[in-house]
Amino acid sequence: MLDWLSISRLVDTILLGMALEAFWLLWRQRRAGESGAPPMLLHLMSGALLLLAMKLALTGAPPMMVAATLGMAGLAHAADLRTFLRGS
């Protein structure tokens, strides 16, 4: 496999794209004069944390760090689900 085409590098590229999308969503919401965080931000946060946990696991990070990252992803997903079910 090519050196520049590794799973770790692909995860980094996806995380960069997600960060750019989050900044764009925040900018668009502020420009529209709305306060608070955009609802889509929680989707991005939970997905980004899952990708980060995958990268940590693939690079040999301590299992406790991977578990903590997965736990944070679960909390972000639960907050997103709660927001969706409340209809706000």
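At 19% relative accessibility, does K55 count as buried or exposed? K55 counts as buried, because its relative accessibility is 19% and buried means under 20% relative accessible area, exposed over 50%, and partly exposed in between (1.4 Å probe, protein chains only).

Good morning. Before I continue, two remarks on the model. This is a predicted model, in which local features need pLDDT of at least 70 and side-chain atom pairs count only at pLDDT 80 or more, while totals for chains, interfaces and linings use all residues. Residues are numbered from 1 along each chain as its sequence is written, and side-chain values use heavy atoms, with hydrogens and water left out.

Let me stay with K55. This residue is found in helix α2; helices here are DSSP runs (H or I, at least four residues; strands would be E, at least two), numbered from the N terminus. Setting aside residues up to four places away in sequence, K55 touches S8, V11 and D12, where contact means heavy atoms within 4.5 Å. With S8, the side chain of K55 makes a side-chain polar contact at 3.3 Å. A polar contact is a pair of N or O atoms within 3.5 Å; within protein, one must be able to donate a hydrogen and the other to accept it, and residues adjacent in sequence count only if both atoms are side-chain atoms.

With D12, the side chain of K55 forms a salt bridge, at 2.5 Å from N to O. D12 lies in helix α1 and K55 in helix α2, so the pair ties together parts that are 43 residues apart in sequence. The rule for a salt bridge asks for a side-chain nitrogen of Lys or Arg within 4 Å of a carboxyl oxygen of Asp or Glu, and the count comes to 1. Side chains of opposite charge can pair when their charged atoms come close. D12 itself counts as partly exposed, because its relative accessibility is 36%.

I turn now to helix α2 as a whole. Its 19 residues should span 27 Å at 1.5 Å a residue, and its end C-alpha atoms are 27 Å apart, which agrees; the expected span is 1.5 Å times one less than the number of residues. The buried residues of α2 include L41, L49, A53 and L56. What covers the buried residues of α2 includes α1 and α3. Just after α2, G60 takes a positive phi of about 80°.

Next comes helix α3, residues 63-86. It has 24 residues and reaches 34 Å from its first C-alpha to its last, close to the 34 Å expected. V66, T69, A73, A76 and D80 are its buried residues, and they pack against α2. Which residues does T69 contact, leaving aside its neighbours within four places in sequence? They are L49, L52, A53 and L56. T69 counts as buried, at 9% relative accessibility. After α3 comes G87, whose phi is positive, near 80°.

Finally, the surface. L5, I7, L10, M54 and L58 make a nonpolar surface patch of about 430 Å². The elements giving two or more residues to this patch are α1 (7-31) and α2 (40-58). I7, in helix α1, counts as partly exposed at 45% relative accessibility. Thank you.

Conventions
Patch = residues over 30% accessible without salt bridge, like charges linked within 9 Å, V, L, I, M, F, W, Y side chains within 5 Å. Areas by Shrake-Rupley, 256 points an atom, 1.4 Å probe, with all protein chains shown as cover.
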